[in-house]
Amino acid sequence: MSVETIVYEQKNGKVKIAGLSGGRLSELEFFDENGVAEGNIYLGRITKKIELANGKTGYFVNIGDSRDAFINAEEYGLEDLVAAEGQTIVVQVAQEQRAEKGARLVRSLQLPGHSLVYCPYKLTVEASSRIEDRQKAEEYKNLAMENTTGQEGWIIRTAGVNTPAEKFVAEMAVLRKNFEDILDMSEKVSAPSLLKGKTNPLFDYIARHRNSLRKIIVNARTIQEEITRRFGDDLLIGIVPGPFDDFGLEEAIGEALQKEIRLKSGGRIFIEETKACVAIDVDSGEDRGSGNLGRLNAEAAYEIARQIKLRNLSGKIIIDFAGLPEIRYLNSTIEILEQELRNDYVKNTVFGLSRAGCVEIVRMRRRPSLRDLLTTECTCCQGTGRVEK
């Protein structure tokens, strides 16, 4: 599902971004410019060493968040972390705090730019799998390798292959300098300290949906000018004082927090987020389709893919479609899920039908779900939401 309209609203350091497809809310992101966000780089201080299963080790790290963050001593491509309590360490947020869990950290920093991602602790040059022109991807991989200095790695972004070679190489130098500045700053400040904050995600949204995007609605002229400077003047940009209210998005967000979604056919989808997984059930309900479960499940598959992205559901997702749980009945439904999630910017894998008859998906957890961002567990019922008989 392609995003045609982006609605952006910024107030007092709080940013809301919505993506609309066919007039419906399909993507949503909240960003606190002063909060601990995925991608932020910190000088943290180790507060506790803990022993994990199978003889592995981890550490709690103070980065200035309300909960200590966690880092695993073992990280692919790096020597195991051996540290003592009180030691400082440069880390990046890989997964934001959610519910009762603190943020998850990594030492293998990544600095994203417009065309590339700089990976100072990697030794490989890779290209995004979303680049359709593989020949061009190879050309730019070679260009990056030719201009690599010392031990460093790069990931070529989708927009990278459309960047002139001289600008591409110039950006490599800028990202390399940014990393050097981060290391310099880490020696001058006290932990915990923010070394580099995540940039406004609006520009990533625009770059990601550039081909399908028709218009952008913002609430500040400065943002309008910045968009024009970065992307040119061919985008239709409108300024509205309260765009989320004008587009009825606050009401749509409220609907996205409900457990039940009604389908046009009369069928229903129930979404239950638990600590272990996300359980989704498809029910025929008042389906007016004369018992055509294939059509009902197809409609549900489109809506489930939309809800996964809209609610930012992640981890293990288990779907129980209506009817008999056999691959011959659900094959086309699974294909719809795969197709709709193929362009999801969050890495996901559709595993197909399990032996228990459910469709299983695993989606990378990077940020809290919409429910965790906007609600908190009831202290009276511990989140059961049920009334005693």
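## Helices α1 and α2

Tyr140, Leu143 and Ala144 in α1 meet Ala165, Phe168, Val169 and Met172 in α2, where contact means heavy atoms within 4.5 Å. By class, this contact of α1 with α2 has seven nonpolar, no polar and no charged residues. Ala, Val, Leu, Ile, Met, Phe, Trp, Tyr, Cys and Pro count as nonpolar, Asp, Glu, Lys and Arg as charged, and the others, Gly among them, as polar. The model is a predicted one, in which local features need pLDDT of at least 70 and side-chain atom pairs count only at pLDDT 80 or more, while totals for chains, interfaces and linings use all residues. Residues are numbered from 1 along each chain as its sequence is written, and side-chain values use heavy atoms, with hydrogens and water left out.

Two packed helices are described by the angle between their axes and the distance between the axes. Helix α1 covers residues 134–146 and helix α2 residues 165–186; their axes come within 10 Å and cross at roughly 45 degrees. Helices (H or I, at least four residues) and strands (E, at least two) are DSSP runs, numbered from the N terminus. Axes are lines fitted to C-alpha atoms, for helices over the stretch in contact, and angles run from 0 to 180 degrees between N-to-C directions. α1 and α2 are therefore oblique to each other: angles under 35 degrees count as roughly parallel, over 145 as roughly antiparallel, 65 to 115 as roughly perpendicular and the rest as oblique. The crossing of α1 and α2 is right-handed, a term used if the near helix is turned clockwise from the far one by less than a right angle.

## Helices α7 and α8

α7 and helix α8 (residues 327–341) pack with their axes 9 Å apart, at an angle of about 30 degrees. That makes α7 roughly parallel to α8. This crossing, of α7 and α8, is right-handed.

Residues of α7 in the contact include Ala298, Ala301, Ile304 and Lys309, and those of α8 include Leu330, Thr333, Ile336 and Glu340. The contact of α7 with α8 has ten nonpolar, two polar and two charged residues.

## Cavities

A search of the whole structure finds two cavities of 30 Å³ or more. On a 1 Å grid over the protein atoms alone, a cavity is a set of points where a 1.4 Å probe fits but cannot get out, and a pocket is an open set with protein on both sides within 12 Å along at least five of seven lines; lining residues have an atom within 4 Å of a point. Grid points are joined across faces, edges and corners, and a volume is the space filled by probe spheres set on the points.

The largest cavity holds about 150 Å³ of space. Among its 17 lining residues, Leu28, Glu29, Lys309, Asn312 and Tyr345 lie nearest its centre. β3 gives the most to this lining, with four residues. The second largest cavity holds about 40 Å³ and is lined by Asn312, Tyr345, Val346, Arg366 and Arg367.

## The second largest pocket

The second largest pocket has a volume of about 1300 Å³. It is lined by 44 residues, with Ser369, Arg371, Asp372, Leu373 and Thr375 nearest its centre. The largest share of this lining, five residues, comes from α9.

## Backbone details

Most residues other than glycine have a negative phi, and most peptide bonds are trans. A cis peptide bond joins Ala191 and Pro192, with omega about 0 degrees. Asn12 has a positive phi, near 50 degrees.
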